[in-house]
Amino acid sequence: MAQLPLPGRSGPISQLSQLSDGAAYAIGDLPEAPARVLRALAGAGHEAVLVGGCLRDLLLGARPDDWDVATAALPATVSALFPGSWWENRFGTVTVPGAQPVQVTTYRSESGYADRRRPDEVTFHGSLRDDLARRDFTINAVAWLPEAPGGGTSGRLVDPFDGLVDLRDGVIRAVGDPAARFAEDALRVLRGVRFALRFGFRIEAVTEAALADAAPATAGLSAERVRDELLRLLADPGIRPTVAFARWEALGLLATLLPELAALRGIPQGKPLPGDALDHTLRTAEALPASDPILRMAGLLHDVGKATTFADGHFYGHEVEGAHTAEAVMRRLRFGAQDVARVRELIRHHMFAYEPAWTDAAVRRFIRRVGHERLGDLFALREADDAGSGAVEPPAGGLPELRARIAEQENAPLAHGHLAVDGHDLQRVLDVPPGPGLGRLLDRLMEEVVDDPSLNRREMLLRRAGEILAER
Ligand code: ATP
Ligand code: MG
C-alpha cells in the first residue's frame, strides 16, 4: 500500500469538496487490469463499477494494491468472460488473475448473521445501492461508474451514504445503524479502528460508542480473520503500534484478543524510558519495520514472559516462558508453523549477553545455538528492544562488536555440511548404523570442531569418532 499524502491533506483531498453523489469524476491513470475488467463487463452489457478500498485510496491520492469491481452480472457470467479466472462459490467473488489481480463481486445484499461472521444468506439480485449498503463504512461504500462502455477515463461517482463528505472531513462512520452493523460482523470493529489509525480520521460518535459496545464480540471471530487484521495493522507503515494498541487497549480489544499482552500493563520495567512492560513492548514493535510484520510480532511478544515471571522480581527465565507463551498465542491465531517457529526462537534467544571476554569458540557456539539464518532477525530485535527501553549499547562489548566478531567466523565450520566427514563416511569406515546414533555422533564431532576448528580434518575426525564410539 503506497504511503498516503496524509495527514497534511493537501492535493487530492481538496478536490473532494467538489465531489458528491452523481458528480463527474475522471480517473486518468487507472491501471490496465481493472480498466480491462470494467471494459469487458460493460461491453457485454453488464453494469460494472470500481468500488470500496481501491476507490477510497484513489480519491485520497494513494495507489491501491488490490482492485475491487462490483457488477450486476452473475458470477458464472463473469467467470466466463475472463478465462483463467476462478470463482469462490458462496460469495460469488471472481478473481481475475494477473500482476494486479482484480476481484469481481456480483451486486448482493446480505441478511442474517447468526454466527456473527458470515451472512446466512447472500442474494445476488441486489442493485448497486443494495451492494453499497452492505459495506462497512461510508468511505468504503462509494462506487465509480465509467461513462463510456468502450473504456476511457470519465465516469460518475455513486455515493448514497455521503462517503465523500466523510472522506473529505476525515470521519469513519458506519453505513446504516452502527450497532446492527457491528453485531452482524465484529470484524468491522477492528477494521474501523484500523482505518481511523491509518488515515488519521476520527470515528464518528455514534459509530464509536457502538464500536466500544461491540468490542467483546470480537472474541467470537475466527482466528484467521483476527490474524489477518492484526497483520494488516502491523504491516501498515502509516500506523504506529504504540498508538494502535493503546487504542485496542482502551476499547478492550487487547484484553479480548491478546490477553497475554494486556497482562503486561503495570509490570514495572526499570528501564531508562518511562512506562511499564506494555509501553516498552509496543515501542519495541514500533522500532521494527512494517515491511516485516512477523518480526513485529516478535517485538510485540518478546517480553510476554514477564507477566508470569514477575513474582521473583527479576523476570528469571522470562525468555523461556515468553517463547512458550508466544508460541501458544500464535498457534491460537493460526499463524503458519514457520512464522511461529521464527518468533519462538527469536524470543527464546533475545536475552543474549555478549562480552568482549567471549572466546572465538564462544562466538561460534552462539552462532550455532541461534542458527546462522536467524542472526539478522535477532540483532534487529535486540536493536528494537534497546530503542524501546532507551538502552544504549556499550562502546566495547556492544552489538557492533559482536557483529564484527561473527563476521570473522565466516569461514569457520559451523554446520554438519562443513565437517570433513559425513554420515556416509562414518557408516562405511566405522560401521556405524544409520539412525539417531549417527546423528548424535555427528553432533558431537560438530561441537568439538566448533570449539577447535583445527580438528576439522578427515583422519582426525574418524579417529575421534572411533574414540567416542568406544566410550559408549
Ligand atoms: P485495505 O486497504 O486494507 O484492503 P479495504 O477497504 O480495501 O481495505 P478489503 O478487505 O480489500 O478492505 O475489502 C474491500 C471492500 O469490501 C471494502 O472497502 C468494503 O467496501 C468491503 N468490505 C470488506 N470487508 C467488509 C466487512 N467485514 N463488512 C462489510 N464490508 C466489507
Ligand atoms: Mg482492499
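## Terms and ground rules

Helices (H or I, at least four residues) and strands (E, at least two) are DSSP runs numbered from the N terminus. This is a predicted model, in which local features need pLDDT of at least 70, side-chain atom pairs count only at pLDDT 80 or more, and totals for chains, interfaces and linings use all residues. Residues are numbered from 1 along each chain as its sequence is written, chains are lettered from A and ligands numbered from 1 in the order in which they are written, and side-chain values use heavy atoms, with hydrogens and water left out.

## The overall fold

Let's start with the whole protein. Its secondary structure comes to 24 helices and 11 strands, and its C-alpha trace spans about 85 × 55 × 45 Å along the principal axes. Of the 472 residues, 50% count as buried (under 20% relative accessible area, with a 1.4 Å probe and protein chains only).

Contacts are heavy atoms within 4.5 Å. Among those between residues at least 6 apart in sequence, 67% join residues at least 24 apart.

## Around ligand 1

Now to the ligand. Its shell holds 17 residues, of which G53, R56, D185, R188 and R194 come nearest; a residue is near if one of its heavy atoms lies within 4 Å. By class, the shell has 13 charged residues (Asp, Glu, Lys and Arg), 1 nonpolar (Ala, Val, Leu, Ile, Met, Phe, Trp, Tyr, Cys and Pro) and 3 polar (the others, Gly among them). Helices α3 (53–59), α8 (187–199) and α10 (223–234) each supply at least two residues of this shell, and α8 gives the largest share, 5 residues.

Polar contacts here are pairs of N or O atoms within 3.5 Å. An oxygen atom of ligand 1 is 2.9 Å from an N or O atom in the side chain of R194, and one is 3.0 Å from an N or O atom in the side chain of R135. For G53, a backbone N or O atom lies 3.0 Å from an oxygen atom of the ligand. The protein covers 84% of the 580 Å² of accessible area that ligand 1 has on its own (Shrake-Rupley method, 1.4 Å probe).

## The nonpolar cores

A nonpolar core is a set of buried Ala, Val, Leu, Ile, Met, Phe, Trp, Tyr and Cys residues joined through side-chain atoms within 4.5 Å. The largest has 123 residues, and L50, F245, W248 and L426 have the most contacts inside it. Helix α8 supplies the largest share of this core, 8 residues. Apart from it lies another core of 10 residues, including V49, V51, L128 and V175.

Technical notes
A polar contact is a pair of N or O atoms within 3.5 Å; within protein, one must be able to donate a hydrogen and the other to accept it, and residues adjacent in sequence count only if both atoms are side-chain atoms.
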